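Subject: Structure handover

Hello,

Here is the structure you are taking over. Please open it first, then read the notes below it.

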Amino acid sequence: MAYPLEVDYAYDRVPADLFGRPAAHGLERWAPLLPPLAAPGLGEGNTPLVQLADGVHVKDESRNPTWSHKDRLNRVAVSAAKASGARGVVVASSGNHGAAAAAYAARAGLPCAVFASPDAPPAVASFVRAYGAAVLTVPRESVPALARRVIEEFGYHPVSSFTETAHTGHPFGPEGYKTVAYEIFLDLGEVPEAVYVPTGYGELLFGVWKGFHELTLLGLADRTPRLYACEPAAGGPLATALRTGRPATRVPVGPTEAYGISCAVGGYRGVVAVRESGGAALTVTDEQMAAARAELAGQGMWVELSSAAGLAGLRAHRDAAGRPGEAAGPVVCVATSSGFKDSATGTRSYPPMAADWDTVAAALRDLPG
């Protein structure tokens, strides 16, 4: 079993006024509770908490510089590369992680190698290349061995997981993610009752739990919220691990458009987050995520399918038999990334319309509202 390295702090030395300081973009705001930020940032974090009509709050991580939560991870992971004197960074990703790693590496003046699937969304591959990264489209089974050669022979710093028995990830990753919890706490003025998190490997899930747990260690809160991991029903390694009492599992993965959280293997961190918070692992179908994505779009937030898993999990959880819903306090759904990252984005064409009033008026009559 591969266990990730954990990071601890001298919490008694954290400045007493840290959580009373003005909100600001950039993880520098939370520097006393983060590893050294040796690489410059891009104004990540301080994303909005948007309230829906029924009182549910959406933490919209698509407002980060590269339009996803991965910017928080890469600010601290690329800082580790810079501080260690690495000659570059290497990452395995076909989506958000690769884009964020390429951006923060460029900002730090480091080359970046991104191992991506040959069927990665074309828009995302273009995004990564725009930052000057090398996009290496090799079969997934070849990535671990090739990445190790890059690390050993080129001196690049890995900012993603290359362990095979369980996902471990970069040890600083959840340190960036935990700032999501700090911001939710400050925006609400209290600890929410529950947080629903799109979950693949479980790093974001663990980071959110750790952030709230640290609030209890600092004496600012007396509890953590229940954390609900929301995985694609096509796989669900965390749900399987919890059901079978294991620290991590590997599962077969069926077809799903939620490629950003489609994972065959889980990691111990996700198990910790769910068990320690008294939450659960939920699985959602592509249809449920599509409905949640449409609901968010109707409120002005365009997110990718994977990103809508949190709201999909909440809706399914509340609708399930014997589950009337959360009533003791605020509920937050994390939306992780922009709809720009979806695999179908940019693949559909729209033919020209007839230039007459009847056609235009008919199109307007079809609009909701």
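An axis here is a line fitted to C-alpha atoms, for helices over the stretch in contact, and angles run from 0 to 180 degrees between N-to-C directions. Helices (H or I, at least four residues) and strands (E, at least two) are DSSP runs, numbered from the N terminus. The model is predicted, so local features need pLDDT of at least 70 and side-chain atom pairs count only at pLDDT 80 or more, while totals for chains, interfaces and linings use all residues. Residues are numbered from 1 along each chain as its sequence is written, and side-chain values use heavy atoms, with hydrogens and water left out.

Helices H10 and H11

Helix H10 covers residues 286–297 and helix H11 covers residues 309–319; the two pack at an angle of about 110 degrees, with their axes 8 Å apart. That makes H10 roughly perpendicular to H11 (65 to 115 degrees counts as roughly perpendicular, under 35 as roughly parallel, over 145 as roughly antiparallel and the rest as oblique). On the H10 side, Gln288, Met289, Ala292, Glu295 and Leu296 are in contact (heavy atoms within 4.5 Å) with Ala309, Leu311, Ala312, Arg315 and Ala316 of H11. By class, the contact of H10 with H11 has seven nonpolar, one polar and two charged residues. For these classes, Ala, Val, Leu, Ile, Met, Phe, Trp, Tyr, Cys and Pro count as nonpolar, Asp, Glu, Lys and Arg as charged, and the others, Gly among them, as polar.

Histidine 317 also lies in H11. It is buried, at 11% relative accessible area (buried means under 20%, exposed over 50%, partly exposed in between, with a 1.4 Å probe and protein chains only).

Alanine 258 sits in the loop between helix H8 (237–244) and helix H9 (268–277). Its relative accessible area is 0%, which means that alanine 258 is buried. Not counting residues up to four places away in sequence, alanine 258 touches Pro232, Asp286, Met289, Leu305 and Ser306.

Nonpolar cores

A nonpolar core is a set of buried Ala, Val, Leu, Ile, Met, Phe, Trp, Tyr and Cys residues joined through side-chain atoms within 4.5 Å. The largest has 66 residues, of which Val89, Cys112, Val128, Val195, Leu205, Val208 and Phe212 touch the most other members. Beyond four places in sequence, the contacts of valine 89 include Val78, Ala101, Leu110, Cys112, Tyr156 and Val159. A second, separate core has 25 residues, among them Val284, Val303, Leu311 and Cys333.

Helix H3 (residues 122–130) has Ala123, Val124, Ala125, Phe127 and Val128 as its buried residues. What covers them includes helix H2 (96–108), strand S4 (112–116) and strand S5 (134–137). After H3 comes glycine 132, with a positive phi near 90 degrees.

Cysteines

How many disulfides does the structure hold? There are zero disulfides, a disulfide being a pair of cysteine sulfur atoms within 2.5 Å. Cysteine 263 is in none, and the nearest cysteine sulfur, that of cysteine 230, is 14 Å away. Cysteine 263 is buried, with a relative accessible area of 6%. The sulfur of cysteine 333 has its closest cysteine sulfur in cysteine 230, at 7.3 Å, which is too far for a bond. Cysteine 333 is also buried, at 1% relative accessible area.

Most residues other than glycine have a negative phi. Tryptophan 67 is not a glycine, but its phi is positive, about 70 degrees. Tryptophan 67 lies in the loop between strand S2 (57–60) and helix H1 (70–84) and counts as partly exposed, at 33% relative accessibility.

Asparagine 46 likewise has a positive phi, near 55 degrees. It is in the segment before strand S1 (49–51) and is partly exposed, with a relative accessible area of 26%. Asparagine 46 touches Ala23, Ala24, His25, Arg72 and Glu183, residues up to four places away in sequence not being counted. From asparagine 46 to arginine 63 the C-alpha distance is 8.8 Å, and the two are 17 residues apart in sequence.

Regards
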